[in-house]
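Thanks for coming, everyone. I have one structure to walk through today. Please have a look at it first.

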Amino acid sequence: MARLLQLETFDMPDLTERLPDGLQTEVEDLRLNAYEQGYSAGWDDALAAQNTDITRLRSDLGHSLLTMSLNYRDARRHVLGALEPLLQDMVHKVLPTIAHAALGQIILEQLAPVADSLSSAPVAVKTSPANRESVDALLTKQTDLPIRVDSDPMLGEGQAFLKFADTEEHVDLDGMIATIAEAITAFFQIEKDEDASDD
């Protein structure tokens with residue numbers, strides 16, 4: 001039968017068993033203190049590492065938020081910069097053309113609520129010389145009311161005065177367009193002032 005292989009053991013013998021009781025307690029206290037110091041040092045290292053990670057994460061987050069804020073502000077500035085000339089062109093070119101074309105229809109809408117009471121009284125409409133023919137043609141075609149259309153060189157292409165019975169109505173599309181233009185200019189001026197104060 002084969003003999004089992006026996007290996008040499010390298011375990012340190014427990015010498016504390018041979019020590020007197022007083023010394024044995026002292027050695028146990030030293031071991032316990034060493035363990036507690038090691039545990040405390042490990043805990044302190046873990047807390048320090050965690051604090052370092054939290055500080056780094058906060059710094060990274062702050063940097064990312066700042067970058068995002070700058071990117072948002074730059075994108076907003078770019079979009080508004082592209083929109084301003086477009087809106088200005090719409091207000092100064094497109095809206096006056098639309099107002100000129102729509103003036104006759106708006107006059108009809110003003111007359112519609114009172115048309116029944118005006119069957120015999122003539123309606124006087126004053127508009128700019130540029131609109132007189134088109135407004136006259138539209139009103140003559142669209143209504144049976146007795147309407148007289150006159151031109152007034154003092155009126156803009158988006159303006160008209162209607163006089164019927166004892167009432168006068170003023171249609172002022174030019175004033176509305178001017179108000180829109182002022183609002184757009186004021187909005188973009190505020191944006192420019194805020195951008196200048198941020199820089």
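Leaving aside its neighbours within four places in sequence, which residues is Thr127 in contact with? Contact here means heavy atoms within 4.5 Å. The list for Thr127 is Leu103, Arg132, Val135, Val149, Asp150, Ser151, Asp152, Leu155, Gln159 and Ala160. Thr127 sits in strand E1. Its relative accessibility is 0%, so Thr127 counts as buried. Buried means under 20% relative accessible area, exposed means over 50%, and partly exposed is in between, with a 1.4 Å probe and protein chains only.

Ground rules next. This is a predicted model: local features need pLDDT of at least 70, side-chain atom pairs count only at pLDDT 80 or more, and totals for chains, interfaces and linings use all residues. Residues are numbered from 1 along each chain as its sequence is written, and side-chain values use heavy atoms, with hydrogens and water left out.

Now the overall layout. The protein chain has three helices and four strands. Helices (H or I, at least four residues) and strands (E, at least two) are DSSP runs, numbered from the N terminus. Along the sequence the pattern reads α-β-α-β-β-β-α. The protein chain has 199 residues, and 19% of them count as buried. It exposes about 15,000 Å², with 58% of that supplied by carbon and sulfur atoms. Those areas come from the Shrake-Rupley method with a 1.4 Å probe; for residues, only the protein chains shown count as cover. Take the contacts between residues at least 6 apart in sequence: 68% of them join residues at least 24 apart.

On to the sheet. It is open, has four strands, and runs in the order E2-E1-E3-E4 with mixed pairing. Two strands pair if DSSP finds at least two bridges between them. Strand E2 (147–151) and strand E4 (167–172) are at the edges with a single partner strand each, so one side of each has no neighbour in the sheet. From one strand to the next, the twist averages 15°. Strand E3 (residues 159–164) pairs with E4 in the antiparallel sense, over six bridges. In the hairpin of E3 and E4, two residues lie between the strands, and Ala165 takes a positive phi near 50°.

Helix H2 (residues 132–142) lies across strand E1 (123–127) and E2, at about 170° to E2. Axes are lines fitted to C-alpha atoms, for helices over the stretch in contact, and angles run from 0 to 180 degrees between N-to-C directions.

What about the core? The largest nonpolar core has 21 residues; Leu103, Ile107, Val125, Val135, Leu139 and Leu162 touch the most other members. Such a core is a set of buried Ala, Val, Leu, Ile, Met, Phe, Trp, Tyr and Cys residues joined through side-chain atoms within 4.5 Å. Helix H1 (21–111), E1, H2, E3 and helix H3 (173–198) each supply at least two residues of this core. H1 gives the most, with seven.

Take Leu162. Its bridge partner in E4 is Glu169. Beyond four places in sequence, its contacts include Ile107, Leu111, Val125 and Val171.

Last stop: Asp174, in helix H3. At 28% relative accessibility, Asp174 counts as partly exposed. Not counting residues up to four places away, Asp174 touches Gly156, Glu157, Gly158 and Gln159. A polar atom of the Asp174 side chain lies 3.1 Å from the backbone nitrogen of Gly158. The C-alpha atoms of Asp174 and Gln159 are 6.4 Å apart, with the two residues 15 apart along the chain.

Conventions: Polar contact = N/O pair within 3.5 Å; in protein donor to acceptor, adjacent residues only side chain to side chain.
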